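Here's a quick briefing to read with the model open beside you. Have a look around first, then work through the points below.

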Amino acid sequence: MTIILLALAALQGTPVDAPSCAAMVRASPEQAIAAADAWRLRGGGLEARNCLGLAYAAAERWAPAAAAFEQAAREAEGRREGRSADFWAQSGNAWLAAGNAAAAVKAFDAALATSALQAELRGEVHLDRARAQVALGGSAAARADLDRGLSLVPADPFGWYLSAALARRDNDLARAQKDIAKAIELAPHEPRLLLEGGNIAGLSGDLAAARALHARAAKADPEGEAGRAAAAALLANTAAEAEAPAAPAAPKPAPQSR
């Protein structure tokens with residue numbers, strides 16, 4: 001999704017005849033779909049297909065968005081344009097949003113097979129392919145992609161978050177603790193990271209740290225999904241602690257014989 005949003009921002013000022021595609025997409029995705037499709041039929045080519053994909057994505061019509069980006073990628077390949085890698089990456093993200101992880105992996109494979117990707121975008125594609133691999137149950141493949149991606153974009157907090165979440169699922173709590181700490185260092189107010197940090201701390205037996213991180217997540221995002229999950233975890237833990245039997249009183253010392 002990050003790649004799609006960046007592409008939309010980059011389109012500012014790119015004309016669809018008169019108004020820019022970006023402005024039309026933001027104003028009305030459905031109208032932008034109609035305009036971009038008409039532009040495509042008039043021979044708009046690569047730019048029209050890209051605009052159509054962005055309009056579908058803004059309308060959260062993910063499968064047609066993925067198809068439009070794929071068509072743009074193939075046209076760019078036919079014209080030997082370096083942008084084919086960007087379009088493949090956008091297609092992969094749209095397939096992920098559509099819930100088709102297998103198609104997403106194929107699109108990310110195509111993006112990584114090109115030589116046009118800059119190091120930063122290549123790193124992000126590895127991170128996105130890791131998400132698709134996790135959805136397919138490929139833990140080893142996902143780990144390889146995450147490690148490669150983080151070597152290229154070490155300042156991406158969500159890369160470390162994804163790495164920590166995978167380590168937690170694989171019962172590697174030491175790796176999970178290290179990676180979520182790095183993620184929170186890079187984005188200390190991001191509720192999803194704080195929630196995951198609290199979950200990992202709890203699984204690791206550090207209940208004080210878990211409470212602190214869940215409290216930060218709930219405060220940072222009181223109405224959002226991560227904040228509500230953190231608040232629920234706090235309540236559940238408080239209730240569990242209240243119901244736990246009190247520790248037995250220490251036995252009195254035995255009387256000493258004279």
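Helices (H or I, at least four residues) are DSSP runs, numbered from the N terminus. This is a predicted model, where local features need pLDDT of at least 70, side-chain atom pairs count only at pLDDT 80 or more, and totals for chains, interfaces and linings use all residues. Residues are numbered from 1 along each chain as its sequence is written, and side-chain values use heavy atoms, leaving out hydrogens and water.

**Helix 9**
- Helix 9 covers residues 157–169, so 13 residues, and the expected span of a helix is 1.5 Å times one less than its number of residues.
- From first C-alpha to last, helix 9 reaches 19 Å, close to the expected 18 Å.
- Buried means under 20% relative accessible area, exposed over 50%, and partly exposed in between (1.4 Å probe, protein chains only).
- Among the buried residues of helix 9 are P157, W160 and L166.
- The buried residues of helix 9 pack against helix 7 (119–135), helix 8 (139–152), helix 10 (173–186) and helix 11 (191–203), where contact means heavy atoms within 4.5 Å.
- At the start of helix 9, a side-chain oxygen of D156 comes to within 2.8 Å of the backbone nitrogen of F158.

**Two positive phi values**
- Most residues other than glycine have a negative phi.
- R80, in the loop between helix 4 (62–78) and helix 5 (84–98), has a positive phi near 55°.
- R80 is exposed, at 80% relative accessible area.
- N171 is exposed, at 68% relative accessible area.

Key:
Polar contact = N/O pair within 3.5 Å; in protein donor to acceptor, adjacent residues only side chain to side chain.
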